[in-house]
Amino acid sequence: MPPPPPLPSLNNSKKAPQFYNSPGCPSIDQDEIDPESDGDSTVFCSEHAVHVAMTLDAAYIRGSMAAILSVLQHTSCPQNIAFHFVASASASTSLLRAAISSSFPCLNFRVYTFDDSSVSRLISTSIRSALDCPLNYARSYLANIIPLCVRRVVYLDSDLVLVDDIAKLAATPLGEQSVLAAPEYCNANFTSYFTPTFWSNPSLSLTFADRKPCYFNTGVMVIDLDRWREGDYTTKIEEWMELQKRIRIYELGSLPPFLLVFAGDIVPVDHRWNQHGLGGDNFRGLCRDLHPGPASLLHWSGKGKPWARLDANRPCPLDALWAPYDLLQTPFALDS
């Protein structure tokens, strides 16, 4: 396995401006103290906070910083945002933490370690090696990693930026029993996400018999962690991954197990909250345009990442929308 890429030099990273709550923001109640926090901040257990979960690693930290800046810049209550970062246990969490603190000295954040070995044994090879990274599967374990006092979280990939208030997304009603919400794409060919072996086996294909499943992108999700824990959905996802090790029923990394467990049972969110696919397809990474309609979140899912294309001086047109949030001092960073 090749060594991980080095972290961006802290000397080359710009410091983000300090963002303050608007007058109408709810105050964080001192009675909501987190018993695990040693009194450092009440925001990490507050129901008035917007809890954001992201993974953190050397390869994507530049994208993570851009995503963080975009969240803070476009929300009315930035001091009420609590970031929960999950890093691989094999990574240097102290360096990752220092990188975030250097650019965001006042950010409310914690870094949790994820035991790669807990999922590595379950991972099957997929069509793109980057999808096989154990940290891609951390989203399936958030309910076990994040403190029990956090009841709802917005999960975000590291290759996106928000251009709207994340509090609107976090407030998505989940009804009386839904576990998660995400934009659905029912025009996508859902059958293509699973192999002919899956569809030809009645005991497997009947999984969707009582549902109307649609594709959804797991890079943007609102998750009720209480309901996830009560339903033990991590175990349900792992059971499908164990089956995949014995019978190849899908080709794409961490997405199909989510579809198997949740597709057809999620709360649909407006497509504006995940203008995805801007990184191009998984093979060639060709440039793409925005989908029709308004955009609240731009997502460079796919092979091409905007920071890599900018550094190579081969940007796609839409990469100019990401560049203003880039905190590395490169010739391509634009003033916001």
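The protein has 12 helices and 11 strands. The model is predicted.

Colleague: How confident is the predictor in the protein, and where is the pLDDT below 50?

Modeller: The mean pLDDT is 88, and 87% of the residues reach 70 or more. Over residues 331–336 the pLDDT is below 50, and this stretch has 13 contacts in the model beyond near neighbours in sequence.

Colleague: What is the angle between helix α9 and helix α10, and why is α9 called oblique to α10?

Modeller: Helix α9, residues 233–246, packs against helix α10, residues 255–262, at an angle of about 120 degrees, with the axes 9 Å apart. The crossing of the two helices is right-handed.

Colleague: What makes α10 a mostly covered helix?

Modeller: Eight of its eight residues are buried, a term that requires under 20% relative accessible area. The buried residues are Leu255, Pro256, Pro257, Phe258, Leu259, Leu260, Val261 and Phe262. Their cover includes the strands β6 (180–182), β8 (215–216) and β9 (220–224), together with the helices α6 (196–200), α8 (225–231) and α9. In the protein, buried residues make up 56% of the 336 residues. After α10 comes Gly264, whose phi is positive, near 90 degrees.

Colleague: Why is Lys245 called partly exposed, and where is Lys245 found?

Modeller: Lys245 is found in helix α9. Lys245 and Leu122 are 123 residues apart in sequence, yet their C-alpha atoms are 6.9 Å apart in space. For the protein, among contacts between residues at least 6 apart in sequence, 74% join residues at least 24 apart.

Colleague: What is the phi of Asp232 and of Asn313, and why is a positive value worth noting in a residue other than glycine?

Modeller: Most residues other than glycine have a negative phi. Asp232 has a positive phi near 50 degrees, and Asn313 has a positive phi of about 60 degrees. Asp232 is in the loop between α8 and α9, whereas Asn313 is in the loop between α11 (306–311) and α12 (319–322).

Colleague: At what angle do helix α1 and helix α2 cross, and which residues make the contact?

Modeller: The axes of α1 (residues 61–74) and α2 (residues 93–103) come within 11 Å and cross at roughly 35 degrees. Their crossing is right-handed. Ile61, Met65 and Ile68 of α1 make the contact with Leu96, Ala99, Ile100 and Ser103 of α2. The contact residues divide into six nonpolar, one polar and no charged.

Conventions: Residues numbered from 1 in each chain as written. Predicted model: local features only at pLDDT ≥ 70, side-chain atom pairs only at ≥ 80, totals over all residues. Heavy atoms only, no water. Axes fitted to C-alpha atoms, helices over the stretch in contact; angles between N-to-C directions. Helix = DSSP H or I, 4+ residues; strand = E, 2+ residues; numbered from the N terminus. Left-handed = near helix turned anticlockwise from the far one by under 90°. pLDDT = per-residue confidence, 0-100. Contact = heavy atoms within 4.5 Å. Buried < 20%, exposed > 50% of the residue type's maximum accessible area, 1.4 Å probe, protein only. Nonpolar A, V, L, I, M, F, W, Y, C, P; charged D, E, K, R; others polar.
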